[in-house]
Amino acid sequence: MSNAKLPSTVRKSKGDDLVATGNQDYVTMTIADQLFGIPVLQVQDVLGHQRITRIPLAPPEVAGSLNLRGRIVTAIDVRLRLGLPGRTKDKAGMSIVVDLRGELYSLMVDSVGEVLSLTNEDFERNPATLDPRWREVSTGIYRLNGQLMVVLDVPRLLNFTTVETA
C-alpha cells in the first residue's frame, strides 16, 4: 500500500487491512451467559416473553410464530441456532425483533441488555478458537473488560440453508 494519506474515516491496521473508524451502536443480549450484539439499526423492537404458536414441520430453530400488532412474526430460538442447549421452562426469555427483506423475525434470547456504542477500531475478526457454528453467523468480536461480545450477522443467522445437520 502506498503512503498516501488515508481519509479520516479509514485507518491502516495490522496486515495492511483497512478499517473504518468511528462508532457502531449495538443492542446487547445474553444467551447462555455469553454476550452477543446486533447493530442497533437492525432492531425493530424488544419484547418480553410472548405466546408462540408452534409451526408443524419447521426446522428445530424455528420456535413458531407470534402476532405483533397484527403482523405474523417468525420466532427463532437463537440458543438452538448456535448449538446451545434449550432454555429451561422456568426461565422466561426475551425477544429482539429484526426485519430481514420485509419479513419480521423474533430472535429469542435469555435477556436483552443495553445499547453500547463501540469504536470500529476495537472490532476484531472472529478468533480461530470461536465455535465454527458461531463463526458462521458472526461478523467479529469486541473484547470488553474481560468479556467477549460476539457480533451476530442477522442475515447469516437467519439463513437456514447453512445449518449443519446433526
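The legends below describe close-up views of a predicted model.

**View 1. A five-stranded open sheet with mixed pairing.**
The strands of this sheet run in the order β5-β8-β9-β7-β6. At the edges lie β5 (43-47) and β6 (62-68), each of which pairs on one side only. Averaged over the sheet and with direction ignored, neighbouring strands are turned by 30° against each other.

**View 2. The pairing of β8 with β9.**
Strands in a sheet pair through backbone hydrogen bonds, and the pairing can be parallel or antiparallel. Here β8 (residues 94-100) and β9 (residues 103-109) are paired in the antiparallel sense, over seven bridges.

**View 3. The salt bridge between D45 and R69.**
Side chains of opposite charge can pair when their charged atoms come close. The whole structure contains five salt bridges, and one of them joins the side chains of D45 and R69, at 2.5 Å from N to O. D45 belongs to strand β5, whereas R69 sits in the loop between β6 and β7 (71-77); the two residues are 24 residues apart, and the pair links distant parts of the chain. D45 counts as buried because its relative accessibility, 18%, falls under 20%. R69 has a relative accessible area of 67% and is exposed, because that value is over 50%.

**View 4. The salt bridge between R81 and E136.**
The closest N and O atoms of R81 and E136 are 3.5 Å apart. This pair links two helices in distant parts of the chain: R81 is in α1 (residues 78-81) and E136 is in α2 (residues 132-136), 55 residues apart. R81 has a relative accessible area of 0%, so the residue is classed as buried.

**View 5. The salt bridge between R143 and E124.**
In this salt bridge, 3.0 Å separates the closest N and O atoms of R143 and E124. R143 lies in strand β11 (residues 138-144), and E124 lies in the loop between β10 (111-119) and α2. The two are 19 residues apart, and their pairing again links distant parts of the chain. R143 is exposed, with 54% relative accessible area. E124, at 29% relative accessibility, counts as partly exposed, because this value lies between the 20% limit for buried residues and the 50% limit for exposed ones.

Notes
Residues are numbered from 1 along each chain as its sequence is written. This is a predicted model: local features need pLDDT of at least 70, side-chain atom pairs count only at pLDDT 80 or more; totals for chains, interfaces and linings use all residues. Side-chain values use heavy atoms; hydrogens and water are left out. Two strands pair if DSSP finds at least two bridges between them. Helices (H or I, at least four residues) and strands (E, at least two) are DSSP runs, numbered from the N terminus. Axes are lines fitted to C-alpha atoms, for helices over the stretch in contact, and angles run from 0 to 180 degrees between N-to-C directions. A salt bridge is a side-chain nitrogen of Lys or Arg within 4 Å of a carboxyl oxygen of Asp or Glu. Buried means under 20% relative accessible area, exposed over 50%, partly exposed in between (1.4 Å probe, protein chains only).
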